[in-house]
Amino acid sequence: MAYQSRESVAVTGDTNYFLKKKIKLGITYVVLILIALYTLAPLWFLFTNSFKGQADIIRDPLGPPQSFSFSYILNAISQIHFFRSLIITFLITFFSVGLIVTISSLGAWMLVRNKTKWSQVIFMAFVAAMLIPFQAIMYPLIQFFETLGLKNAPGLVLMYGGFGLSMSIFLYHGFVKGVPKGIEEAGIIDGCNIFQLFYHIVLPLLSSITVTVIVLNSMWIWNDYLLPFLVVGNSNTKTLVLELYFARILAGQFGNPWELIFPAVLVTIVPIVIIFLFLQKYIVKGITDGAIKS
Amino acid sequence: MDIYKKWFWILLAPAILLFFLVIIFPFIVGLLNSFLAWRGTYYFDPETGIRAQSMFSSFIGFENYTNAFKDERFIRALVYTIQYTFVAVVVVNIVGLGLALLVTKAQKGASLFRTVFFLPNMLGGLALGFIWQFIFQIVFTNLLFSPDGLLHIPFLRYMTQDSTKALFALVILNAWQFGGYMMIIYIAGLNNISRDYYEAASIDGATPIRTFRSITVPMLMPSFTVVFFLTLSNSFKLLDQNIALTDGEFNTRLLAMQILRTVKDTAPPDYGKAQAQAVIFFLLVASITLTQVYVTKKRELEL
């Protein structure tokens, strides 16, 4: 009898405990859902208002469109030369990131494997340069590249290559240090030359940090406004962000042309959202690794 | 024969060359030019009043710097940037940590929430700035916080048309955008804390607040270092959102925009003065980040 009553006490205590835990978890979810709605709300405004005319947008910014019209999107696509600027943005990002990955992985590998006073000085120089904000060098840089005849898209790729170096070399350097030299020595004995050694043995070992380097640099270059603004400006090699900026400036002389801005913003961000949803595992991992290592 | 030694300079050459052309050389020229009457395409000679024959006759000592400090707009941008950075670092950190704690508590759907909170980070500051400009100008002003709206809060109306309000508008926008990024870093930090500590604490009967203060916070110190570093330098160098939201109207220029617009404020464009501001900006950014890294590293070691 005594034994039984003690058990029943324990059981009611447990249900209380679980109930409390459940309520707590429920509150957590309610808060999470509210914050998620808040996070997504601006994107909802963006979506719904991309199908409305100016008067509709001002009168009812939150609701769904009265009549579903693609005319605003089509207009925005032609105004910002969507397909041209998408290809330009893609090519610039692709070549810049390719350049950064190639030369920083090679460089960092050499800096780690050949330990001399020089390699330490050079590495410190790369790291110290991370303290220099872009503003401190932009004017002389643009002037210098103009005299070289490189104030254009190829010049832009080279500049991104230079700016991406410091952080990428830093990340690769930290990673190569943890890769044992023995595997490479085996390769050397088997008669690999330096490029075979790098391409077939070293690069595959670096793949996880390469993901980080690609993610961090692509995100920055794809969305960058200032450097393309200074280098290509209002020419016909504008990137997506730049097209968006100039469309806004041009139309904005007569108030805020929301019926152009919303669809223009929508079409510029759709490619990134799609890429993000497909590659988010790698992107999140890349960000986390990058942040922890730096 | 050491294969690495043989190839060292050859394989490092592209990186060094590009680094020199894009960073080092312009940086040195920039330092030099901040002491010259530099007009962008030419150097001005203050003695003769015309184009200088050589760079040396254009030397004006610290005049660009004194001009910068005499410029009301520069001083205002400097103060505004410091105020903004202070508020933004605090708010973005709290938002990031709060999100991380909530997401790690959730059992099912944690990765879905993580994706949603992180999403704004993928999008460009300019594009997001335009959307939020609309939110502040139309949704906040005419709907949510107007006299016959949800709640009448005058402070949250016309936020892009007043210097103080616009500062908080920028904070709201950036907390929304970067909160998810900081959350990712905090989540990684939280997952690194061993469960054993929490078990020991619960056996000792520690309250949740006590556990948070005595275990979570000290164990998260490395994440704090990273997040402080990122928010500090992001806020100090913020440009795109500033341009998209107010474009510097109503005295809302941050330093990055001030340096960019100085050459438009002056005729002929005074690149020397802009460059002097850029050098001051560099000194500020470098000293703040170095101090911050030093202090948090030291605290990390003490704990």
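## Two chains in a predicted complex

In chain A of this predicted model, the centres of domain 1 and domain 2, taken over C-alpha atoms, are separated by 42 Å. The domain assignment of chain A places domain 1 at residues 2-49 and domain 2 at residues 71-293.

As for confidence, the predictor gives the complex an ipTM of 0.88 and a pTM of 0.89. Chain B has a mean pLDDT of 89, and 98% of its residues reach 70 or more. Among the elements of chain B, the highest mean pLDDT, 94, belongs to helix H3 (residues 72-105), while the lowest, 86, belongs to helix H12 (residues 271-302).

### Where the chains meet

The two chains touch through 62 residues of chain A and 65 residues of chain B. On the side of chain A that touches chain B, the elements that give two or more residues include helix H1 (2-49), helix H4 (82-113) and helix H7 (153-176) of chain A. The most is given by H13(A), which contributes 13 residues to that side.

One pairing across the two chains can be followed in detail, namely that of helix H12 (residues 240-251) of chain A with helix H5 (residues 125-144) of chain B, which pack at an angle of about 35 degrees with their axes 9 Å apart. From H12(A), the contact is made by Val241(A), Leu244(A), Tyr245(A) and Arg248(A), and from H5(B) by Leu126(B), Ala127(B) and Phe130(B).

| Contact | Nonpolar | Polar | Charged |
|---|---|---|---|
| Side of chain A that touches chain B | 48 residues | twelve residues | two residues |

### A glycine in helix H5 of chain B

Gly129(B) has its place in helix H5 of chain B, the helix that packs with H12 of chain A. Is Gly129(B) buried or exposed? Gly129(B) counts as buried because 25 other C-beta atoms lie within 10 Å, and the cut-off for a buried residue is 20 or more.

Leaving aside residues up to four places away in sequence, Gly129(B) touches Leu173(B), Asp240(B), Gln241(B), Ile243(B), Ala244(B) and Leu245(B).

Methods. Residues numbered from 1 in each chain as written. Chains lettered and ligands numbered in written order. Predicted model: local features only at pLDDT ≥ 70, side-chain atom pairs only at ≥ 80, totals over all residues. Domains from an automatic or database assignment. Axes fitted to C-alpha atoms, helices over the stretch in contact; angles between N-to-C directions. Helix = DSSP H or I, 4+ residues; strand = E, 2+ residues; numbered from the N terminus. Contact = placed C-beta atoms within 7 Å. Nonpolar A, V, L, I, M, F, W, Y, C, P; charged D, E, K, R; others polar. pLDDT = per-residue confidence, 0-100. Buried ≥ 20, exposed ≤ 12 C-beta atoms within 10 Å, placed from the backbone.
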